[in-house]
Amino acid sequence: MSDEESPVPDEILTSAKKQIDQEELSLADNEEILHALSELTPIYENDRSYFVLGNYDREPIRRLNLVVDRLNRRQDAYAFRMVDIRGEWDNSIQKFCLIADLVTYLVGVAEKDPSDFLVEQGLLVGTVEYFSKSHVFKRIYEDEEHPFGWMQDGVFDLFEDEGRLYRWRTEETLVEVTEELP
């Protein structure tokens with residue numbers, strides 16, 4: 001399929017091609033990336049897009065899905081998780097960066113379980129562009145003062161300084177903080 005026949009907007013193809021040019025990928029890898037990107041057309045069909053990050057374990061993914069659902073109820077908004085973009089990517093960081101470049105907002109739902117989005121948090125604060133469009137929902141645990149550790153607390157402090165850290169304890173308060181997003 002040529003670029004002219006592609007349902008993917010030119011902006012997506014240009015960004016994908018830049019990423020592809022920076023890495024040595026096989027032709028099959030290139031095709032896989034372009035196919036996966038074609039699933040992202042709703043980003044350009046809506047005024048706002050939200051890339052929701054977090055823990056994919058059984059209970060936490062329910063809360064991620066809750067955030068995605070609430071955001072998708074907004075008029076002219078599209079919210080999704082990384083697993084919603086199909087494809088077997090050998091490099092999940094490459095996948096994250098490619099998607100993060102395209103969205104309006106990055107939204108992290110932080111819980112203390114070990115399979116959280118730790119690597120992505122580092123990318124959020126380590127990249128000016130990502131940091132400027134990121135918001136983090138930090139779960140508060142009544143019985144623990146520092147459940148996340150000093151490194152994550154430092155990340156949370158950066159978001160708090162910018163007014164983009166939201167605290168929640170229950171799913172009800174998670175819904176409430178989701179409504180505060182732009």
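This is a predicted model: local features need pLDDT of at least 70, side-chain atom pairs count only at pLDDT 80 or more; totals for chains, interfaces and linings use all residues.
Local features need pLDDT of at least 70 and side-chain atom pairs count only at pLDDT 80 or more, while totals for chains, interfaces and linings use all residues. Residues are numbered from 1 along each chain as its sequence is written, and side-chain values use heavy atoms, with hydrogens and water left out.

**Exercise 1.** Work out what span helix H2 should have, and compare it with the distance between its end C-alpha atoms.

*Solution.* Helices are DSSP runs of H or I with at least four residues, strands are runs of E with at least two, and both are numbered from the N terminus. The expected span is 1.5 Å times one less than the number of residues.

**Exercise 2.** Find how the buried residues of H2 are placed around its axis.

*Solution.* Buried means under 20% relative accessible area, exposed over 50%, and partly exposed in between (1.4 Å probe, protein chains only). Asn 30, Ile 33, Ala 36 and Leu 37 are buried. Seen down the axis, the buried residues fall within an arc of 130°, so they line one face of H2. The arc is taken from the directions from the helix axis to the C-beta atoms. On the face turned away from the buried side are the exposed Leu 27 and Ala 28.

**Exercise 3.** Give the strand order of the sheet and name its edges.

*Solution.* Two strands pair if DSSP finds at least two bridges between them. The order is E2-E1-E3-E4-E5, an open sheet with parallel pairing. Strands E2 (77-81) and E5 (165-168) are the edges, each pairing on one side only.
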